[in-house]
Amino acid sequence: MKLAAFLQKAYSVLDRLDLVLPEKPGKTDWNALAYRWHSVGKKGILESLPNPHTFPLDRLAAVGTQIEKLKRNTEQFLAGRSANNVLMSGSRGTGKSSLVKALLHEYADQGLRLIEVDKSDLVSLPALLSLLKDRPEKFIVFCDDLSFETGDETYKALKTALDGGLSERCSNVLVYATSNRRHLMPEYVDENGGTTGIRGEIHQKEAVEEKISLSDRFGLWLSFYPFDQNDYLQAVENWLGDFGVDFDETARKAALQWAQTRGNRSGRSAWQFACDWAGRLPEQRVLD
């Protein structure tokens, strides 16, 4: 009886572990266009994504300058010339993440591949770079909505991967990151003062330098700004066109009302409105 009870508890524990532990690493599918990296200790699993969310660059509005700079950098990278890691920062919902996703649509046939890495998985970034360094494809490591709180140490692996390590940087890998924070870490008013309090940093300037050193490792900075009404309506028209729906006066008024109720005009709001509008329109209103 005791043995049976012990085995039952053991099976129960194993069942719970199956829900928590990642799958056993398998052979990487190098035919995929997009991947997601998962840490497993100091190593990880490169999971292929069979249906990546991507779309043409012309679906994006009000970011023409940012598109041109990012395209130029990406084309240099694909051509085997020197190119920079990129940090895209600014207002929420203005197309930072969408711009990276759209690159896959434009350049996948030229060997571009996209790998999504969550902040919590950055600790195993060196293992990912070792896996990629001898591959013929060109990889963009995509870190979306990246930011670090005070005391968070995971950013150190990213610093080393960008250009701070002893080993040579992978020629077939770039890091493209998006963030609402320009310097990726919280900044405080007292950091501009002469002291940081009774038990604060003696060398305050060095503490500030440590914070901004991560963003300095990105060679290309792209800033994104809030949409005005015309930008917002252009984004709505672009996304409705993607759904094959006419952008008429009724849609225009509905889009403005949608933005007013949300208290926000952005590319994300435009996309959300387009999803709603295209989903509830009668079939006869949809363009052929």
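Modeller: We may begin with the contacts along the chain. Of the contacts in the protein between residues at least 6 apart in sequence, 76% join residues at least 24 apart. The model is a predicted one, and the protein contains nine helices and seven strands. Of its 288 residues, 40% are buried.

Biologist: Where is the confidence lowest in the protein, and where is it highest?

Modeller: The average pLDDT of the protein is 82, and 75% of the residues score at least 70. Confidence is lowest in helix α1 (residues 2-20), with a mean of 60, and highest in helix α2 (residues 64-78), at 97. Over residues 284-288 the pLDDT stays under 50, and for this stretch the model has 10 contacts beyond four places in sequence.

Biologist: Is the crossing of α7 and α8 left-handed or right-handed?

Modeller: The crossing of α7 and α8 is right-handed.

Biologist: Which residues in α7 and α8 meet?

Modeller: From α7, the residues are Q229, Y232, L233, V236 and L240; in α8 they meet A251, R252, A255, L256, W258 and A259. The residues of this contact of α7 with α8 comprise nine nonpolar, one polar and one charged.

Methods. Residues numbered from 1 in each chain as written. Predicted model: local features only at pLDDT ≥ 70, side-chain atom pairs only at ≥ 80, totals over all residues. Heavy atoms only, no water. Left-handed = near helix turned anticlockwise from the far one by under 90°. Helix = DSSP H or I, 4+ residues; strand = E, 2+ residues; numbered from the N terminus. Contact = heavy atoms within 4.5 Å. Nonpolar A, V, L, I, M, F, W, Y, C, P; charged D, E, K, R; others polar. pLDDT = per-residue confidence, 0-100. Buried < 20%, exposed > 50% of the residue type's maximum accessible area, 1.4 Å probe, protein only.
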